[in-house]
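Student: I would like to go through this model by question and answer. Please give the conventions before the details.

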Amino acid sequence: VKMQMRVALPALAVLLVGALFAWLFWSGSPTTAAAGSQANIGPYVVRLSTDSVRRGAAELAFDITDAANQPAEPDEVSVEPAMTQMGHALIPVRATPSAPGKYRAQMDFEMTGQWDITVRITSGNETHEAVLSLTVVN
Amino acid sequence: MSLLTTGAGVSGADGGPVGADLHVAQTLGERELTVVIRRTGPRLGPLPVEVVTHAPTTGTLRLSASSPSATTSTGTVELGAVPGVHRAELAVDKVGAWELAITDGTTTARIPFVVPAQVVPPWQRASDFGFAAAGVLVAVALVLALRARRSWMPWIPVMGAVVALSVGMTGAAMSAQFPPPPQAGRDVDPSIPAITDPYGQVRLNAQAAVGLTRAPLILDLSGAVVAGQPSTVRLNFLDSATGRPADDLVVHHGALVHLMIVSPAGELLHLHPVRVGPGRYEVTVRSSATGVHALAVEAGRRGGGTQQMRASITVQPGAAATRPASVAPVSDTASGASGEVSVDVAATGVPSTIRSRFGDDPTLQPWLGMIGHLIVVGPMPPSGDERGEAAAAAPIWSHGHAMPPAAPGAVGGQPDESVATFGPQVDFVYTFPRPGRYQIWVQAERDFTVLTASTEVEVTAS
């Protein structure tokens with residue numbers, strides 16, 4: 001038993017060092033904040049809740065705040081997705097508020113890649129367009 | 001009445017190369033500037049910016065660098081009576097798509113650029129991990145060789161070390177063979193995932209099975225030009241597939257957009273419209289001649305390739321109109337006697353040599369990254385007053401370059417305009433495709449002043 005311990009303990013220590021190395025190398029993966037794309041437009045700040053969704057039907061959630069960082073409640077918000085790399089655009093969808101300043105829109109992304117999400121905000125006779133980026137993955 | 005504003009659109013905006021200095025020519029108001037954004041990132045901090053003037057001019061330019069959810073940094077440059085380099089230092093504090101705004105009080109040019117992230121390529125990861133694991137396993141083998149009772153035991157970690165070494169060596173040896181991933185800003189939109197995980201873009205593009213190139217641009221030109229007055233010409237670039245603004249122009253040959261104008265008197269202006277919003281560009285044109293001016297616009301979208309768009313504008317008579325007359329300074333372009341062009345004209349389909357000479361001293365500077373620019377327009381009727389109209393109708397409009405010689409070991413990109421060691425002879429080779437009369441212009445730079453020389457040639461059919 002003593003002999004086995006003499007082998008096992010250093011081996012365990014070395015394995016731990018190896019695991020530490022592995023962790024150091026692999027944890028350095030370049031993932032910064034998982035926050036979604038943000039755009040500042042006119043009096044509004046528009047922020048997507050995520051920067052990537054899966055292909056197919058997806059619910060996009062985003063916040064709209066005003067310059068004072070308070071939830072904004074414009075008259076109408078619509079979402080216009082387009083994939084510039086492929087040269088196609090989807091039918092605009094009206095976003096529905098789920099809480100003050102929080103919006104949702106149902107989309108169907110048929111192709112993986114980089115999409116431009118134009119959020120059109122109408123309040124009174126003013127219209128603002130924020131362009132956000134979204135990655136659609138498999 | 002409805003008011004429509006469109007965001008500065010940093011997230012998907014136009015841009016330039018990442019990891020190198022960005023040189024962008026900008027015709028801001030009546031000043032022709034070169035803006036140099038020095039390479040920045042992955043270490044965040046100072047952002048040196050240089051503004052190069054090409055004519056005596058005074059005044060202050062305000063600069064600001066901004067990105068959504070980052071701290072906006074501002075600075076100013078005081079322009080002086082001597083053309084040259086003016087420096088400012090801004091700062092960046094976040095990886096992502098940024099915009100450098102430069103304003104002269106009237107027009108604000110918005111130049112998109114990318115602050116890159118530190119990216120460890122997968123092969124480097126494999127190589128690092130392989131060598132580290134091999135080291136650890138060799139140590140385990142040593143310990144086992146000294147302490148284990150059974151002689152076969154050290155062989156297990158030795159085998160592991162061999163495997164780990166081969167992983168490490170394969171990774172290291174293959175490193176030079178792997179193509180770089182698509183570059184955020186140049187090849188794909190500079191979204192945060194594209195900047196921080198460019199290898200993820202390789203997977204994405206493999207899934208979508210499409211190239212990176214995009215639909216052609218549409219040029220929507222507007223604005224009235226009145227003779228003798230600085231007039232604003234607006235260039236809106238649209239995606240021909242969707243009709244949406246195309247906010248993905250990349251810097252090519254030192255500018256986002258090159259605009260060449262031929263006046264009724266046959267003079268050339270080479271301007272660089274400034275980006276004022278997503279897909280929206282503006283340029284100030286001042287011409288003292290009325291009549292048709294021919295335009296050629298060159299721009300390239302993200303994903304590769306550039307395209308030429310041709311148009312014409314008719315300058316309306318103003319209070320001070322004369323005709324024909326010279327095109328006034330707009331680009332600070334000195335015309336005429338500053339250089340000579342001689343052409344060894346060959347028949348169509350056979351390369352001709354175009355030789356130009358600017359003075360006697362080898363002190364030319366690169367302009368737009370090139371020692372010389374060649375513009376060939378034709379075939380068109382022999383000289384007359386209506387050169388603009390003839391140039392607008394000409395089937396051939398070419399723009400070629402004389403490149404600076406490669407500097408061995410140079411890093412950070414092309415030599416900038418402070419390197420005055422080129423010329424005075426600048427040669428081009430050009431194959432005239434059709435017989436007829438062509439007008440040729442060659443442009444170069446000395447003492448930060450853009451020089452233009454011109455000639456006409458008659459090309460015969462082969």
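Tutor: Helices (H or I, at least four residues) and strands (E, at least two) are DSSP runs, numbered from the N terminus. This is a predicted model, in which local features need pLDDT of at least 70 and side-chain atom pairs count only at pLDDT 80 or more, while totals for chains, interfaces and linings use all residues. Residues are numbered from 1 along each chain as its sequence is written, chains are lettered from A and ligands numbered from 1 in the order in which they are written, and side-chain values use heavy atoms, leaving out hydrogens and water.

Student: In which strand of chain B is B:Ser352 found, and is B:Ser352 buried or exposed?

Tutor: Buried means under 20% relative accessible area, exposed over 50%, and partly exposed in between (1.4 Å probe, protein chains only). B:Ser352 is found in strand 19 (residues 351-357) of chain B. Its relative accessible area is 0%, so B:Ser352 is buried.

Student: Which residues is B:Ser352 in contact with, leaving aside neighbours within four places in sequence?

Tutor: Contact means heavy atoms within 4.5 Å. With those neighbours left aside, the contacts of B:Ser352 are B:Asp344, B:Val345, B:Ala346, B:Phe428, B:Val429, B:Tyr430 and B:Phe432.

Student: Among contacts in chain B between residues at least 6 apart in sequence, how many percent join residues at least 24 apart?

Tutor: Chain B has five helices and 24 strands, and buried residues make up 53% of its 462 residues. Of the contacts between residues at least 6 apart in sequence, the share joining residues at least 24 apart is 69%.

Student: How many bridges join strand 23 to strand 24 of chain B?

Tutor: The two strands of chain B form a hairpin with two residues between them. B:Arg437 stands opposite B:Glu458 in strand 24 of chain B. Strand 23 (residues 436-446) and strand 24 (residues 449-459) of chain B run antiparallel, and the number of bridges is eleven.

Student: What is omega for the cis peptide bond that joins B:Gly378 and B:Pro379?

Tutor: Most peptide bonds are trans. B:Pro379 lies in the loop between strand 20 and helix 5 (387-393) of chain B. For the cis bond between B:Gly378 and B:Pro379, omega is about -20°.

Student: Which residue of strand 3 of chain B is the bridge partner of B:Val24?

Tutor: Strand 2 and strand 3 (residues 31-37) of chain B pair in the antiparallel sense over seven bridges. The bridge partner of B:Val24 in strand 3 of chain B is B:Val35.

Notes
Two strands pair if DSSP finds at least two bridges between them.
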